[in-house]
Amino acid sequence: LPADTLSNAQKFICAVKPVMAVFVKYDFWFNYMYELHKNKIPFFYISAIFRPGQYFFKFYGCWALKQLRKASGFFVQNKASEDLLKAFGISNVVLSGDTRLDRVKSLSANPRSLPFIEQFASGANVLVAGSTWPPDDDLLIEAMKSLPVALKYIIVPHDIHETYVDKLCNVLGNRCWRYSQLNSDNINDLKFIVIDAVGFLSSVYKHATVAYIGGGFGKAIHNILEPVCYGKPVIFGPTYHKFREAVELIEQGGAFTINSQDGLVARVNKLLEDEKYYKQVSQKCISYVNDNSGATEIIVKQLLQFINK
């Protein structure tokens with residue numbers, strides 16, 4: 001959309017003439033909301049999640065809150081969001097869940113075929129580190145000194161520029177190869193693979209024993225649902241509290257947060273050494289996905305009912 005100014009909103013809505021608008025999660029376009037309501041065009045929020053600290057729940061955010069109240073409906077991820085909206089006089093709320101979980105669940109049902117990765121992982125325990133940043137990579141490299149010698153690693157850095165990938169491969173040594181350079185002759189001698197292309201991560205998680213999710217030592221963790229859909233235990237750093245699934249999976253025992261390399265080593269060793277414990281954690285991940293999927297069907301059904309009226 002053009003930037004959220006009143007002039008842009010007026011021009012855009014006049015040009016497009018929408019019959020309905022759907023906003024996702026926390027994508028708040030208040031001037032557009034104002035103009036949509038003014039033109040009697042219904043708008044909805046799906047997969048929405050709210051926290052008390054958001055500015056429109058403060059005294060200085062009253063104009064923005066007024067626009068939220070004009071929405072035709074909210075489909076929220078959790079009960080806390082539902083209760084918060086209702087506390088501020090917004091009652092047209094449906095607790096539906098997060099459509100993103102349905103998306104990653106469908107992807108996990110039909111993963112991309114990755115023959116080299118399958119060959120590399122066959123019969124081995126594999127730690128897949130997804131969307132890692134330099135602090136994650138540094139922690140992993142130190143932790144490797146204390147993790148089982150036979151453990152293999154697939155690292156998917158957030159930054160796949162050649163300079164960074166080269167630096168990472170050099171640190172990991174001659175048993176590390178880029179994904180783009182793999183062939184059937186060298187695959188069995190490797191201990192590390194660094195994925196230097198985009199679009200592979202969700203399918204790579206299928207071959208993990210344990211998944212480490214990057215970003216937790218920076219601004220925020222990346223997507224943890226992709227490995228969870230395969231029943232893979234997930235581990236990540238301390239910056240995760242804005243993500244409902246991370247908080248809930250930690251509470252339920254399917255995910256773990258760590259603050260240091262020692263914490264990572266302890267958790268990975270526990271998962272690899274205790275088969276019964278590993279299966280319990282894996283089952284908690286699968287149960288979480290099954291218990292929380294279905295948001296898409298709920299939302300689409302109700303939006304269609306609204307349109308048909």
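In the largest nonpolar core of this predicted model, which has 38 residues, V128, I154, Y179, I193, I195 and F236 touch the most other members. A nonpolar core is a set of buried Ala, Val, Leu, Ile, Met, Phe, Trp, Tyr and Cys residues joined through side-chain atoms within 4.5 Å, buried meaning under 20% relative accessible area with a 1.4 Å probe and protein chains only. Leaving aside residues up to four places away in sequence, Y179 touches L114, I117, I193, V194, I195, D196 and F200 (heavy atoms within 4.5 Å). Another core, of 31 residues, lies apart from this one and includes L127, A143, V165 and V265.

The model is predicted, with local features requiring pLDDT of at least 70 and side-chain atom pairs pLDDT 80 or more, whereas totals for chains, interfaces and linings use all residues. Residues are numbered from 1 along each chain as its sequence is written, and side-chain values use heavy atoms, without hydrogens and water.

Helix 4 spans residues 79–87, with S81, E82, L84 and L85 buried (helices are DSSP runs of H or I, at least four residues, and strands runs of E, at least two, numbered from the N terminus). Viewed down the helix axis, the buried residues fall within an arc of 165°, so they line one face of helix 4. Their cover includes strand 2 (43–48), strand 3 (73–76) and strand 4 (93–95).

The lining of the largest pocket comprises three nonpolar, two polar and seven charged residues. Among them are K25, Y26, R51, D98, F243 and E245.

Definitions and conventions:
Buried < 20%, exposed > 50% of the residue type's maximum accessible area, 1.4 Å probe, protein only. Arc of directions from axis to C-beta. 1 Å grid on protein atoms, 1.4 Å probe; cavity = no way out; pocket = protein on both sides within 12 Å on 5 of 7 lines; lining within 4 Å. Nonpolar A, V, L, I, M, F, W, Y, C, P; charged D, E, K, R; others polar.
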